Amino acid sequence: MTPEKKRRVATAGIFLSGVLACLDAVKDARIFWPPDVLWEGLGNPNRLKLGAGIALIVVSFVTSALRRRAASER
């Protein structure tokens, strides 16, 4: 496997982990909108899961964008 393909697989894995963490955090929630109502209904461990999941999604987007920008400058 080429290094570029390994990076893409790792980024996809990070994104998928974030999505699954978010889904796990809100699996018992009854109300999903507005976000502040969802946040109020979550317990402390689920808030941590949701925050970590969102952080993983953001990290995957940022690393992907930075990698594309670096590749276009070459």
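In which kind of crossing does α1 pass α3? The model is a predicted one, in which local features need pLDDT of at least 70 and side-chain atom pairs count only at pLDDT 80 or more, while totals for chains, interfaces and linings use all residues. Residues are numbered from 1 along each chain as its sequence is written, and side-chain values use heavy atoms, with hydrogens and water left out.

The helices here are DSSP runs (H or I, at least four residues) numbered from the N terminus. The crossing of α1 past α3 is left-handed, a term for a near helix turned anticlockwise from the far one by less than a right angle. Their axes, which are lines fitted to C-alpha atoms over the stretch in contact, with angles from 0 to 180 degrees between N-to-C directions, come within 7 Å and cross at roughly 155°. The two helices, α1 and α3, are therefore roughly antiparallel to each other, a label for angles over 145 degrees.

Leaving aside neighbours within four places in sequence, Leu 38 is in contact (heavy atoms within 4.5 Å) with Val 26, Ala 29, Ile 31 and Phe 32.

Trp 33, by contrast, lies in the loop between α1 and α2 (35-41), and is exposed (over 50%) with a relative accessible area of 69%.

Conventions. Angles under 35 degrees count as roughly parallel, over 145 as roughly antiparallel, 65 to 115 as roughly perpendicular and the rest as oblique. Buried means under 20% relative accessible area, exposed over 50%, partly exposed in between (1.4 Å probe, protein chains only).
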